[in-house]
Amino acid sequence: MQPRNMSMSGVVDLAAVKAAQEAKAKAEQARAEAARQGGGAVSAVSPASLVIDVDEAGFERDVLQRSTEVPVVIDFWAEWCEPCKQLSPLLEGLAREYNGRFVLAKIDVDANQMLMQQFGVQGIPAVFAVVAGQALPLFQGAAPVEQIRQTLDQLIQVGEERFGLTGLAVDADAQGDDQEAPAPAEVPAGPYDALLEAAVEALDAGDLGGAVQAYRNVLADDPGNTEAKLGLAQAELLQRVQGLDPQQVRKDAADNPADVPAQIAAADLDLVGGHVEDAFGRLIDAVRRTAGEDRDAARVRLLELLEVVGSDDPRVTAARTQLARVLF
């Protein structure tokens, strides 16, 4: 079978810059949490970690969350599939060759029928990618290695340019994931502490414009700064709802369920008012009912609001799961 969908042109529509920022911030939070739990700093992965077996239970952690720091290529395969026996070793070799620029997730379709259905897999082998939480098809069937390399190069370029995904550091001497982590080193004060403090002071003083600008100043030099991204998301939320007429916004949303901008405005008010699950549910419903630019707008706003609440909140975890089901 000849490969199809080898072009990366469709990925441009999968997310906006804000979604990429949210995705990368979540990855950094996850790494920090892993470091706290493990008692050491997470610096690099072993070569063996570049090829992983994934099932339905671990899909969100191993694919969706992983895709916030590196493109994840998915190989749908089965033991009885003869072309899979040719393609899978080839993809595994390329994962090692690319040395952390992407991770290969292998999914046995016989054991994971739900994932196969969610991705709309019609035949195997089938290869997809997930970038910053967004899925796209790459090709189906066997393909020449040079053609696969071209596709991977395009995928990695899109991940870097549009989503800020720089891949994983790989320690060639590491033997596995259960290695003892190195002792944490003393972390000097960051170069942006004064700017971050100024942003917090502006936020506390009600100077939302000043807070937004201060956080943006940090991110201009350090796009991966998690604290600045979280603060910016909070400041921009407060700035958006400032001056709104809550009664009118809620009336517009109730009268026009299909009006995505109205639902987005109402979701902002829901969150500021402490109605977290209502805000998330409203936007997930909007994603489910819509398509194209409207769908993407609702999805991006949901990701922004998830960032405001924080990844440790169980309501965020539940919303991410619901969004994944709607998207896939």
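**Entry 1, the sheet.** I started with the strand order and found 5 strands in an open sheet, arranged S1-S3-S2-S4-S5 with mixed pairing. Strand S1 (51–53) and S5 are the edge strands, each of them pairing on one side only, and I noted an average twist of 25 degrees from one strand to the next. I keep in mind throughout that this is a predicted model.

**Entry 2, the S4–S5 hairpin.** I then looked at how strand S4 (residues 126–131) is joined to S5, and found that the two pair in the antiparallel sense over 6 bridges. They form a hairpin with 2 residues between them, and in the turn I noted Ala 132, which has a positive phi of about 50 degrees.

I turned next to helix H10 (residues 260–272) and helix H11 (residues 276–289), which pack at an angle of about 160 degrees with their axes 7 Å apart. Since angles over 145 degrees count as roughly antiparallel, H10 and H11 are therefore roughly antiparallel to each other, and their crossing is left-handed. H10 contributes Gln 263, Ile 264, Ala 266, Ala 267, Asp 270 and Leu 271 to the contact, while the H11 side includes Val 276, Phe 280, Leu 283 and Arg 289. By class I recorded 8 nonpolar, 1 polar and 4 charged residues in the contact of H10 with H11.

How are H11 and helix H13 (residues 314–327) oriented relative to each other? I found an angle of about 10 degrees and axes 10 Å apart, and with angles under 35 degrees counted as roughly parallel, H11 and H13 are therefore roughly parallel to each other. Among the residues making this contact are Val 276, Phe 280 and Ile 284 of H11 and Val 316, Ala 319 and Leu 323 of H13. The contact of H11 with H13 divides into 9 nonpolar, 1 polar and 3 charged residues. I noted that Val 276 and Phe 280 of H11 are listed in the contact with H10 and also in the contact with H13.

Methods: Residues numbered from 1 in each chain as written. Predicted model: local features only at pLDDT ≥ 70, side-chain atom pairs only at ≥ 80, totals over all residues. Heavy atoms only, no water. Axes fitted to C-alpha atoms, helices over the stretch in contact; angles between N-to-C directions. Helix = DSSP H or I, 4+ residues; strand = E, 2+ residues; numbered from the N terminus. Parallel < 35°, antiparallel > 145°, perpendicular 65-115°, else oblique. Left-handed = near helix turned anticlockwise from the far one by under 90°. Contact = heavy atoms within 4.5 Å. Nonpolar A, V, L, I, M, F, W, Y, C, P; charged D, E, K, R; others polar. Pairing = 2+ DSSP bridges.
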